[in-house]
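Biologist: Can you walk me through this one? Keep it simple, please.

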Amino acid sequence: MTVNSGHSPYFPDSGCADPMFLDTSSCTAASDGLDCYVELQYSTLLSLAGGDEHSIPHSFWIVVYGNEQECETHAIRYSVVVQTHWAITYYPIDETICNTVEEDEYNFHRLRPREIEHPQASYLRIRISDLDIDESVDLLVQDNYLASSLEDTHFTASSGTSGSIDVNYICGYHDLYLSVYGNVATDDVIDYKMSVEKVPVRVKDLFVDSVYHADDDDDDACPHEHDFYRFRTLEEGRGHHPGSFMRVLVDSEFPTQVYVNKHDFAWEGCADSGYGENDPAITGTTSVNVYDFCDFTDGDYFITVVSDGPYYIYTDVRDDAKELTIGEVFRDTVEPGMYQMYTLEICDDWTEADDRLVVEITDVENGDVFGWIRLGGNAGDPDEYGYNTCSHDNAFADYGAGESGYDFLLVNHCDLETGTYYILIRASPHEGSPERNCEHVNFRLYPYLIDYQIDPEVIHPNTPITDAVDLLQINIIEMDQAPIANYYVVHPLADEGEGYFEQISHAVARLSNVQGGLLHMKVMCDHLAISEFTVINGEIYGLVSNSADDADFDPDHYGLLIPEWKMQSGRFPFLYNNIMDHRDSEYEPLGTCTGCGDLCCSMDNFDDLDIYRRDKSCAIWVPSCYFIWKDFYIMVTPIGQYAYDHVIDYTLELDQTRDYILLQPDHNSVNSFENDNWDYDFFYSISAEPESMRWRVVVTEGEGVLVTVRNHRCPRQATWAKSVWCDAAYFDRPWMCDIEIPTRAAHPGDNAYFVSVYGKNATYSIAFWRGRENCHAFTGSGRNEGLDFCAGLVPYNTWRWDHYSTLDHEASCFFEQLYEHFRVQPCYTGVTPECNATLAAFACYESFHRCDEQGFYTGTCREACEAVTYECANLFETVDLEKYDCTSSRYLDGNAQTCTGNPAYANLEADHLFLAGEQDPIVLLYESSSASSMSVSIILSAFAIIFALM
């Protein structure tokens with residue numbers, strides 16, 4: 001059995017991306033007496049959703065596979081139970097209980113009191129004992145969520161073969177859940193005794209810039225298993241300034257571990273602010289430093305120290321961030337091994353769209369210098385345990401023979417935002433020469449803004465312009481030479497005609513009438529759209545940070561002109577160069593939109609058909625969630641040119657639209673894309689309540705269109721989407737261009753849907769139906785509307801179809817298949833007229849689905865299936881049709897919900913016919929021999945005796 005989230009079941013090798021939640025390994029074998037299960041734990045789903053509870057999936061698919069079947073004529077029977085509500089008992093602290101748990105089952109408890117005291121001054125001791133020999137249980141502990149998975153639970157312990165569990169739960173808690181899982185039982189039930197005891201501990205207070213020596217008799221009577229400290233960083237009457245960070249130093253000649261956590265005790269699994277360890281015998285040093293750079297806030301920090309001997313502990317808050325100024329040199333000195341924080345303010349009116357921020361680290365003396373930079377919060381120095389990884393960029397100015405002692409921190413123009421940048425500098429200690437640590441490390445910081453010297457042309461929405469670019473640049477020094485790229489800036493239109501509504505209005509950036517080559521276009525909000533490689537007139541200081549002397553050098557994306565040297569300067573206005581670090585758009589598929597551009601289109605579809613290899617246009621849709629009240633920058637650059645002596649001409653327009661166009665139900669709209677140019681049309685459909693929905697597009701002339709329906713006007717916010725390519729060749733098969741929401745299970749629950757149509761050289765019609773408009777009621781028996789076999793058997797509104805004769809033929813073929821299976825009985829050959837009639841009705845119900853009040857088509861009634869087994873005196877599974885077994889969940893209860901096949905038919909009429917109402921004669925397909933006829937007679941006689949006895 002597999003369980004997955006999403007809008008469809010998961011199948012291996014389908015080519016689709018894995019869903020957010022997927023479990024294919026927990027339940028791989030279930031047999032008689034052996035169950036298996038898949039657990040979905042809230043904490044697991046929350047983690048998969050990136051910590052956003054609103055992104056947790058709510059729909060899950062369960063797929064059950066049959067691995068092995070004992071009998072060919074008997075299907076594998078199984079039961080699936082989805083349990084979401086569990087019995088949870090309160091567990092009082094400091095009490096002992098005796099309890100039992102079944103094998104492979106849980107006992108769930110919620111601790112009372114459920115929250116630790118504040119400030120924390122105790123931990124929990126949890127004991128489970130009195131287990132029988134060869135029996136074992138697992139203990140699971142989780143804060144805030146039910147504990148039900150060994151892999152995803154915060155704290156676990158197992159009794160194993162010892163027959164007991166005795167553990168300490170040191171972390172703080174706010175709503176603690178305890179679970180006991182029956183692992184191995186000798187008689188299906190495990191008896192055990194359990195106690196939860198609160199153990200008070202002594203918590204010592206530490207202070208800013210103070211040292212505590214753990215060496216007195218109380219502290220040092222034995223190795224320090226866990227010493228608890230509280231460090232209150234908030235001094236009385238004042239807090240610390242932005243740029244402050246915390247340091248914990250523990251010095252000991254013995255192996256030592258240090259855990260740091262905010263608000264509650266620190267321990268394994270609850271050290272959110274840092275961890276460090278040291279063994280002097282291995283490292284040759286005696287100190288452990290733990291810093292909290294990235295997330296430092298004033299309040300209570302708890303520190304837990306584990307040491308094999310005496311130690312000193314020093315705590316401090318560095319509140320001495322120094323202020324830098326754009327364009328001014330700042331000289332400073334830092335002790336080896338120490339840190340210094342700096343702040344740099346960038347104001348909104350200081351920057352241009354192509355400005356990048358460079359912070360040079362130079363003139364380094366007496367040691368190496370490391371640097372990190374971050375916007376809006378402290379930069380951090382990442383450690384080996386994964387803490388303090390919060391920086392935008394890093395630098396390393398190497399001091400030594402043959403080294404420049406120079407490096408820079410870079411914020412590319414595409415990432416530059418206004419606000420306060422925090423810069424962290426560390427002076428490296430003198431490894432192997434501790435006597436030199438008395439020499440302070442000198443350096444110079446120089447922050448500045450520098451641009452590409454590109455002035456984009458101002459254009460206006462809904463106003464086309466013509467322009468040209470030249471890929472080959474043969475006459476590049478000529479003043480009137482077409483550039484290798486053109487840059488534009490446009491602001492949303494706000495006049496009273498079209499108007500602008502934020503989060504509603506959207507736009508299409510359209511390249512059209514391209515002559516002479518192929519083009520690439522980028523769109524970027526608030527930053528200059530530009531490629532990673534191009535020609536610029538500006539200085540090359542700090543162009544890219546990717547360099548050959550970096551530990552994370554990426555050779556696939558080049559770097560500086562001379563990768564070995566970061567100190568580069570000058571102008572190269574005719575040189576095609578790497579002008580920014582590699583960047584992939586988060587809005588487009590990986591690798592299709594690089595550089596500074598969030599939305600891109602290219603005319604280099606070399607894998608397409610010949611008719612597309614010389615396209616004359618491309619178009620970018622700018623959705624309403626992206627089309628905000630800011631400047632938008634557009635870049636147009638060539639990617640292929642057909643002739644040396646002819647540049648590439650084009651027309652560019654940003655077509656702003658106020659809103660989607662409303663599609664009225666049961667109406668169609670005729671539209672067209674002309675002049676060999678790719679373009680978009682946008683529509684939306686609404687309903688007052690969840691109803692069945694259907695959109696149909698018919699291309700009446702030209703090539704084809706791509707139709708996409710979403711449940712949100714913005715693609716990234718949509719949780720449901722369907723697309724179909726509608727070709728002109730499908731004109732006589734219009735159902736191939738349908739997008740449907742036909743059932744309640746398929747409906748995503750929204751009342752508004754947004755349709756985009758993308759194409760070129762095509763005239764198309766788009767229509768929309770909702771609710772009962774998607775259903776059809778036959779007149780009379782339905783013979784005049786294409787019914788033959790099922791004439792008179794569909795007396796209800798059924799899901800609308802183009803050619804009902806096709807469904808009728810499908811039902812007829814299915815009936816013959818059913819007949820062939822039911823015809824051969826153990827003692828005779830053939831079927832009775834009553835069985836024949838119920839098979840015919842059942843076949844029609846499977847093809848002609850009944851509509852409910854909201855126009856959703858429904859499944860077959862279980863009563864219709866049971867009528868077949870009754871009249872045919874046989875089960876589906878015994879005639880090798882296990883799929884249609886009446887216990888299957890594919891059937892619906894006609895007494896509780898709308899389903900296909902009138903439930904009244906389940907009560908046989910006086911003449912024992914399953915069918916009621918209007919019926920056309922049904923030919924009895926019947927084969928017999930004298931032996932089989934005798935068998936049938938005997939069986940009918942037996943039925944007669946049974947009814948007589950009743």
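Modeller: We will go through disulfides, strands, a core and the surface.

Biologist: What kind of model is it, and how are residues numbered?
Modeller: This is a predicted model, where local features need pLDDT of at least 70, side-chain atom pairs count only at pLDDT 80 or more, and totals for chains, interfaces and linings use all residues. Residues are numbered from 1 along each chain as its sequence is written, and side-chain values use heavy atoms, with hydrogens and water left out.

Biologist: How many disulfides does the structure hold?
Modeller: There are 13 disulfides. A disulfide here is a pair of cysteine sulfur atoms within 2.5 Å.

Biologist: Start with Cys 625. Which residue does a disulfide join it to?
Modeller: Cys 625 is joined to Cys 714, S to S 1.9 Å. The torsion about that S-S bond is about 90 degrees, so the disulfide is right-handed. The pair links distant parts of the chain, 89 residues apart. Cys 625 is in the loop between β39 (618–622) and β40 (632–641). Cys 714 is in the loop between β45 (693–710) and β46 (721–727).

Biologist: Is Cys 714 buried or exposed?
Modeller: Cys 714 is buried, with a relative accessible area of 1%. Cys 625 has 27% relative accessibility, so it counts as partly exposed. Buried means under 20% relative accessible area, exposed means over 50%, and partly exposed is in between (1.4 Å probe, protein chains only).

Biologist: Next pair. What does Cys 790 form with Cys 844?
Modeller: They form a disulfide, with sulfur atoms 2.0 Å apart. With -95 degrees about the S-S bond, this link is left-handed. Cys 790 is in the loop between β49 (775–776) and β50 (798–799), and Cys 844 is in helix α4 (residues 833–847), 54 residues apart. Cys 790 is buried at 0% relative accessibility. Cys 844 is buried too, at 0%.

Biologist: And where is Cys 835?
Modeller: Cys 835 is in helix α4. A disulfide joins Cys 835 to Cys 872, S to S 1.8 Å. The torsion is about 95 degrees, so that disulfide is right-handed. Cys 872 sits in the loop between α5 (862–871) and α6 (930–949), 37 residues from Cys 835. Cys 835 is buried at 2%, and Cys 872 is buried at 3%.

Biologist: Is Cys 98 buried or exposed?
Modeller: Cys 98 has 68% relative accessibility, so it counts as exposed. Cys 525 is buried, with a relative accessible area of 12%.

Biologist: Back to β39. Why is it largely enclosed by the rest of the structure?
Modeller: Five of the five residues of β39 are buried, so the rest of the structure largely encloses it. Cys 618, Ile 620 and Val 622 point one way, and Ala 619 and Trp 621 the other way.

Biologist: Which strand do bridges join to β39?
Modeller: That is β34 (residues 506–515), joined by five bridges and running antiparallel to β39. Ala 509 has Ile 620 as its bridge partner in β39. Two strands pair if DSSP finds at least two bridges between them.

Biologist: What about the largest nonpolar core?
Modeller: It has 53 residues. A nonpolar core is a set of buried Ala, Val, Leu, Ile, Met, Phe, Trp, Tyr and Cys residues joined through side-chain atoms within 4.5 Å. Those with the most contacts inside this core include Tyr 452, Leu 519 and Tyr 650. Several strands each supply at least two residues, among them β34, β39 and β40. The largest share, six residues, comes from β35.

Biologist: New topic. In what order do β1, β2 and β3 form their open sheet?
Modeller: The order is β2-β1-β3, and the pairing is antiparallel. The edge strands are β2 (22–23) and β3, and each pairs on one side only. Strand β1 (residues 2–5) pairs with β2 over two bridges. Val 3 stands opposite Asp 23 in β2.

Biologist: Last one. Where does Tyr 78 lie?
Modeller: Tyr 78 lies in the loop between β3 (60–63) and β4 (88–92). At 54% relative accessibility, Tyr 78 counts as exposed.

Note on methods:
Helix = DSSP H or I, 4+ residues; strand = E, 2+ residues; numbered from the N terminus.
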